[in-house]
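Have the structure open in your viewer as you read.

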Amino acid sequence: MKITRLDYYDKFKCIADRCTDSCCIGWEIDIDPETLAIYQKEEGELGEKLKMNIHNGSFILTEDERCPFLQTDGLCELICRKGDGFLCEICREHPRYYEYCDDHIDMGVGLCCEEACRLLFSEKHPLELITEGEGKLDEDTLELLTLRAELIKKVQDASNSLDELFFSLDKNIFQFWDAFEPYDDRWSITTEHIKECFDRLVAKQAEFDAYMKKRSCEYRHLAVYLLHRYFMRSQYCAPSVILRGISLYMKTQYLWDLYVYHTTGKFDSADRIDTAKYISKQIEYSEENIDMLFYGA
Ligand code: SF4
């Protein structure tokens, strides 16, 4: 098996209580059967607490949708008491992703996590793909990997403008936005505001691009992340289908960023992490929305 990761992957470490956005809030946490069996055998006070807080193989969330083991200091009680190895698979793996193609895996950290965003956007050099492992890949996979490497090179070449591919704005994007399942109210409220002031946003584009000039590599990094994460899905459809979806994602991100700049007069690195994390949660962590992005509307 060959595994490809982006070069910053190895720097990732959950920042736990320093995170403003614990990922244990608001998600259903299914416990894998192996870990569930371990939890059921746990004895003593912790064993009792586990039994009382698990139903049908999932943690019973509190009224405010927190995991019952998420402490008020933002740390996980299970890690504090038993170490990382005691976690169920989903908690141990989050926010990592694995995309499979033949005997090849793309492995990375998803942007729903603010630390993953911080690492991606703070990179000052062009990102590199690192491939390790053994395995013989079929010709189709090798062809796709070669095509992806060429696209990544093109996207990272500062002499290539990304405007046409990612930032030429038109209202057609709204039909995708309307079809998405909203992650929360912020999606519906902000998309309505963006629609209302779309013409003013387009008029502001040149000013925003000048403001972002020194940080334009952030969009190149995002494009590389998306190519790494999704391009190999071209094993199931034409590469143009996946590229169109990536372009829609980039346009969505860019319009949201432009909207923040339009309404606040700034777009700093905290705004960058906030919007990237939000768009990722909205699109990437719903299979329906990902299908809509690539194959819908
Ligand atoms: S969002 Fe990322 S940094 Fe924050 S608690 Fe989750 S994994 Fe850790």
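## The overall layout

First things first: this is a predicted model. The domain assignment of the protein chain gives two entries, domain 1 (24-93) and domain 2 (137-295). Taken over C-alpha atoms, the centres of domain 1 and domain 2 are 34 Å apart.

## The sheet

Now for the strands. You'll find an open sheet of 4 strands, ordered S4-S5-S1-S6, with mixed pairing. S4 and strand S6 (129-133) sit at the edges, and since each has a single partner strand, one side of each has no neighbour in the sheet. On average, neighbouring strands here are turned by 25 degrees against each other, ignoring direction.

S1 and S5 run parallel and are joined by 4 bridges. If you want places to look, Lys-2 stands opposite His-104 in S5, and Thr-4 faces Asp-106 in S5. S1 and S6, on the other hand, run antiparallel, with 5 bridges joining them. Here Leu-6 stands opposite Leu-129 in S6.

Helix H11 (residues 217-230) lies across S1, S4, S5 and S6. Relative to S5, H11 runs at about 140 degrees.

Another helix to click on is H6 (residues 139-156), which holds Ile-152. Is Ile-152 buried or exposed? Ile-152 counts as buried, because 21 C-beta neighbours lie inside 10 Å and the cut-off for buried is 20 or more. Setting aside its neighbours within four places in sequence, Ile-152 is in contact with Leu-129, Val-224 and Leu-227. Leu-129 is the residue that stands opposite Leu-6 in the sheet. Ile-152 and Glu-128 are also worth a look: they are 24 residues apart in sequence and 9.0 Å apart in space, C-alpha to C-alpha.

## Around the ligand

Which residues surround the ligand? They are Cys-14, Ile-15, Ala-16, Cys-19, Asp-21, Ser-22, Cys-23, His-94, Pro-95, Cys-113, Glu-114 and Glu-115. By type, the shell splits into 7 nonpolar, 2 polar and 3 charged residues.

The peptide bond from His-94 to Pro-95 is cis, with omega near 5 degrees, and His-94 and Pro-95 both belong to the ligand's surroundings. Pro-95 itself is in the loop between helix H4 (89-93) and strand S4 (96-101).

Ala-16, also in the shell, has a positive phi near 45 degrees even though the residue isn't glycine. Ala-16 belongs to the loop between strand S1 (2-6) and helix H1 (33-41). Ala-16 is partly exposed, with 14 other C-beta atoms within 10 Å.

Asp-102 is another non-glycine residue with a positive phi, this time near 55 degrees. You'll find Asp-102 in the loop between S4 and strand S5 (104-109).

Technical notes:
Residues numbered from 1 in each chain as written. Predicted model: local features only at pLDDT ≥ 70, side-chain atom pairs only at ≥ 80, totals over all residues. Helix = DSSP H or I, 4+ residues; strand = E, 2+ residues; numbered from the N terminus. Buried ≥ 20, exposed ≤ 12 C-beta atoms within 10 Å, placed from the backbone. Near = placed C-beta within 6 Å. Nonpolar A, V, L, I, M, F, W, Y, C, P; charged D, E, K, R; others polar. Domains from an automatic or database assignment. Pairing = 2+ DSSP bridges. Axes fitted to C-alpha atoms, helices over the stretch in contact; angles between N-to-C directions. Contact = placed C-beta atoms within 7 Å.
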